[in-house]
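Opening the notebook on a new model today.

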Amino acid sequence: MIDVNGPQAQYDAEERCLKIARTAAKYEYTKNVIQEIIGDNIVEPTRSNTPLDFVIKDKNADMPVGGIEHFHVSLIYEGAEGNQLKSTAKKHEEQTKELFNKHENSSEPQELSTAFNELLLLTSDSINDRRKFDYKNYIKQFSYQTEKHFSKIRSYCETAQCSPDKVAFMIEIVVPNCAEWNTINYKTQRFEALPYEKFPITQDVINIIEKGKTQEIKYVLLVVHDEFGSETKIVYAFDVNDIETSCKAQDITIYECFAPKPLLAKIQVLY
C-alpha cells in the first residue's frame, strides 16, 4: 500500500525531485552547476526531522562537505480546514495514491470500470483546478516558503558542517498536466503564449531568489514537473550572485506575470 501523506511520502517526494534534477537538466550550465554542488560525492537523504534534507559526503573520507534543502511551492492553493492553504498538487497526489490503494487488487470488470471512471474524474478535477490560479497568491507563497527556508541556513550548515555557499536549495513546483501558459514579457510588455514544456520565470521569482545573497547562499535549483511527472520536467539552476548569467546560459526569458491557459474538462463517464 502506498503511503498517502505521512513522513515516508514526503521523503519519497524529496528523493524523486532530486532524481529529476540530476537526470532532466537540459542545459550544460545547469548540469555544470549540479556537478559543482554534488561533484563525485555521495548524497545521503536524512529522512528525518533533522534540519537539511540531503547531506553531501566526501566519498573517500565519509565526511559532510555540503547539503541540499528541498521544499515545495504549489502553483495553486485552495482553502482547507482551519483556514490553512492546501496545495492542489499535493491534493491530487494524495487522491491518486488513495485511488491506487483502493483498487490495487481489483480484477473484476465492474471494479476495473469503477477505477477507470474515478481516474477520469480525478483527471478532470486536475484540469479544472487551473482556473483557480492566482498569480499574486502564487508569488506570495513562493516568497513565504523561500524566505522561510533561506532563514534556516545556519541550522543547515550545522548539519552539513559547511559554509552557507555549500548548501544548495531545491525548489519543487508541480504544475497542472499539459498546461499551456499565457504570459506578459517583462521587457516588451507584450502578450506571449507558451507551450506546456516552457514554464515561465517571472521577475518576481528572480527577485525572491536573489535574496539568498543576504544569507551567503550561492545556488538555487528550480525543478518543475507535472502532477504525474511524465510530460513536463524542467530544471533550472540559479547563481544568486549572477542571475543574469544564469538566465542567459539557460535561455530564460523573464516575464511580468503568467497564468495557465484556461481549459474546461468534460469527462464522459463509462458504465
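This is a predicted model: local features need pLDDT of at least 70, side-chain atom pairs count only at pLDDT 80 or more; totals for chains, interfaces and linings use all residues.

Below are my entries, in the order I looked things up.

**Entry 1: what I am looking at.**

**Entry 2: H5 against H7.** I started with how helix H5 (residues 135-150) and helix H7 (residues 203-210) sit against each other. Their axes come within 10 Å and cross at roughly 10°. An angle under 35 degrees counts as roughly parallel, and H5 and H7 are therefore roughly parallel to each other. Next I listed who makes the contact. From H5 I get Tyr-135, Tyr-138, Ile-139, Phe-142, Ser-143, Thr-146 and Phe-150. From H7 come Asp-204, Val-205, Ile-208 and Ile-209. Sorted by class, the H5 and H7 contact comes to eight nonpolar residues, two polar ones and one charged one.

**Entry 3: salt bridges.** How many salt bridges does the structure hold? I find nine.

Arg-47 with Glu-15: the closest N and O atoms are 2.5 Å apart. Arg-47 is in the loop between strand S1 (42-45) and strand S2 (54-57), while Glu-15 belongs to helix H1 (residues 7-23), so this pair ties together parts 32 residues apart in sequence.

I place Glu-147 in helix H5 and Lys-211 in the loop between H7 and strand S10 (219-226), so the pair links distant parts of the chain, 64 residues apart. Glu-147 is partly exposed at 33% relative accessibility, and Lys-211 is partly exposed at 40%.

Arg-154 with Glu-216: here the N to O figure is 3.4 Å. Arg-154 lies in helix H6 (residues 153-160) and Glu-216 in the loop between H7 and S10, so parts 62 residues apart in sequence get tied together. I read 42% relative accessibility for Arg-154, which counts as partly exposed. Glu-216 is partly exposed too, with a relative accessible area of 49%.

I also checked for shared partners.

Entry 4: Which residues of helix H2 (residues 28-38) are buried? My list has Tyr-29, Thr-30, Val-33, Ile-34, Ile-37 and Ile-38. Looking down the axis of H2, I see these buried residues fall within an arc of 155°, so they line one face of the helix. Then I turned to the face of H2 pointing away from the buried side, and found the exposed residues Glu-28 and Glu-36 there. One backbone note: just after H2, Gly-39 takes a positive phi of about 65°.

**Entry 5: Trp-181.** Where does Trp-181 sit? I find this residue in strand S7 (residues 181-185). Trp-181 has 1% relative accessibility and so counts as buried, the cut-off for that label being under 20%. I also looked at Leu-194, which is 13 residues from Trp-181 along the chain. The C-alpha atoms of Trp-181 and Leu-194 are separated by 5.0 Å.

Terms used:
Residues are numbered from 1 along each chain as its sequence is written. Side-chain values use heavy atoms; hydrogens and water are left out. Axes are lines fitted to C-alpha atoms, for helices over the stretch in contact, and angles run from 0 to 180 degrees between N-to-C directions. Helices (H or I, at least four residues) and strands (E, at least two) are DSSP runs, numbered from the N terminus. Angles under 35 degrees count as roughly parallel, over 145 as roughly antiparallel, 65 to 115 as roughly perpendicular and the rest as oblique. Contact means heavy atoms within 4.5 Å. Ala, Val, Leu, Ile, Met, Phe, Trp, Tyr, Cys and Pro count as nonpolar, Asp, Glu, Lys and Arg as charged, and the others, Gly among them, as polar. A salt bridge is a side-chain nitrogen of Lys or Arg within 4 Å of a carboxyl oxygen of Asp or Glu. Buried means under 20% relative accessible area, exposed over 50%, partly exposed in between (1.4 Å probe, protein chains only). The arc is that of the directions from the helix axis to the C-beta atoms.
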